[in-house]
Amino acid sequence: MSGVGTKRIHFSEEFRTSIIAVDEYDSVNFCGKLYNPFLKQSVEVKSFQHLIKEIDTLMDEIGCPMSGMEKRSFKKRTQSDERETHISEKAQVPRGKAATFAIRIQYRNNASWQGTVKWIEGEAEECFRSMLELFWLLDSALERDARFSR
């Protein structure tokens, strides 16, 4: 594996967990912010697909967990694709208006993720074996929360 962006520095386990503060949910998509100690500032996410792309890029930058496969793309990666990062101090992460989740990715195998997701407000935690399963867990918590807040 050669080229731009292959430099890897390994970090502690805390970087495997990202916080998702969901502010809006419309039964199909959500908007919110992604937080991780590695990021200089929060990243605004506009859909589940956008969330997946941001977290996967973050995991590549951190090198933890290692990807089980090399990414394939029609586009070549350039220096300008890399974002500014830094290791922040442990800070209080704001909660989302709709919900807040802590997603811990333990493995990236078979072009997917495996890990745990904790729904902060619902005080529930579940394991997921794929990105699709993660999607259904987030969606079920957001749907449930939307029903009770009406």
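Strand β4, which covers residues 99-107, runs antiparallel to strand β5 and is joined to it by six bridges. The structure described here is a predicted model. The pLDDT averages 79 over the chain, and 68% of the residues score at least 70. Over residues 1-8, pLDDT stays under 50, and the model has 12 contacts beyond four places in sequence for this segment. Where pLDDT is low, predicted coordinates should not be read in detail.

The pairing of β4 with β5 takes the form of a hairpin, with six residues between the two strands. Within the turn, Asn 110 has a positive phi of about 55 degrees. Across this pair of strands, Thr 116 in β5 stands opposite Arg 104. Strand β5 is also joined to strand β6 (residues 124-128), in this case by five bridges, and these two strands run antiparallel. Val 117 has Glu 126 in β6 as its bridge partner. Strands β5 and β6 likewise belong to a hairpin, in which four residues lie between the strands and Glu 123 takes a positive phi near 50 degrees.

Strand β5 itself spans residues 114-119 and is mostly covered, five of its six residues being buried. Beyond four places in sequence, Gln 114 touches Arg 104, Ile 105, Gln 106, Tyr 107, Arg 108, Asn 109, Phe 128 and Arg 129. With one of these residues, Asn 109, there is a polar contact: the side chain of Gln 114 reaches the backbone nitrogen of Asn 109 at 3.3 Å. Gln 114 and Met 131 are 17 residues apart in sequence, and their C-alpha atoms are 7.6 Å apart in space.

Thr 116 has a relative accessibility of 14% and so counts as buried. When neighbours within four places in sequence are left aside, the contacts of Thr 116 are Ala 102, Ile 103, Arg 104, Gln 106, Glu 125, Glu 126, Cys 127 and Phe 128. Arg 104, listed among these contacts, is the residue that stands opposite Thr 116 in the strand pairing.

Aromatic rings were examined next. The structure holds three aromatic pairs. In one of them, the ring centres of Phe 48 and Phe 135 lie 5.1 Å apart and the ring planes meet at 65 degrees, so the pair is edge-to-face. This pair links distant parts of the chain, because Phe 48 belongs to helix α1 (residues 48-62) and Phe 135 to helix α2 (residues 131-148), 87 residues apart. With a relative accessibility of 13%, Phe 48 counts as buried, whereas Phe 135, at 22%, counts as partly exposed. Phe 135 also pairs with Trp 136: their ring centres are 5.0 Å apart and their planes stand at 70 degrees, so this pair is edge-to-face. Through these ring pairs, Phe 48, Phe 135 and Trp 136 are linked into a cluster.

Note on methods:
Residues are numbered from 1 along each chain as its sequence is written. This is a predicted model: local features need pLDDT of at least 70, side-chain atom pairs count only at pLDDT 80 or more; totals for chains, interfaces and linings use all residues. Side-chain values use heavy atoms; hydrogens and water are left out. pLDDT is the predictor's confidence in each residue, from 0 to 100. Contact means heavy atoms within 4.5 Å. Buried means under 20% relative accessible area, exposed over 50%, partly exposed in between (1.4 Å probe, protein chains only). Two strands pair if DSSP finds at least two bridges between them. A polar contact is a pair of N or O atoms within 3.5 Å; within protein, one must be able to donate a hydrogen and the other to accept it, and residues adjacent in sequence count only if both atoms are side-chain atoms. Rings of Phe, Tyr and Trp (its six-membered ring) pair if their centres lie within 6.5 Å; planes under 30 degrees apart count as stacked, over 60 as edge-to-face and the rest as tilted.
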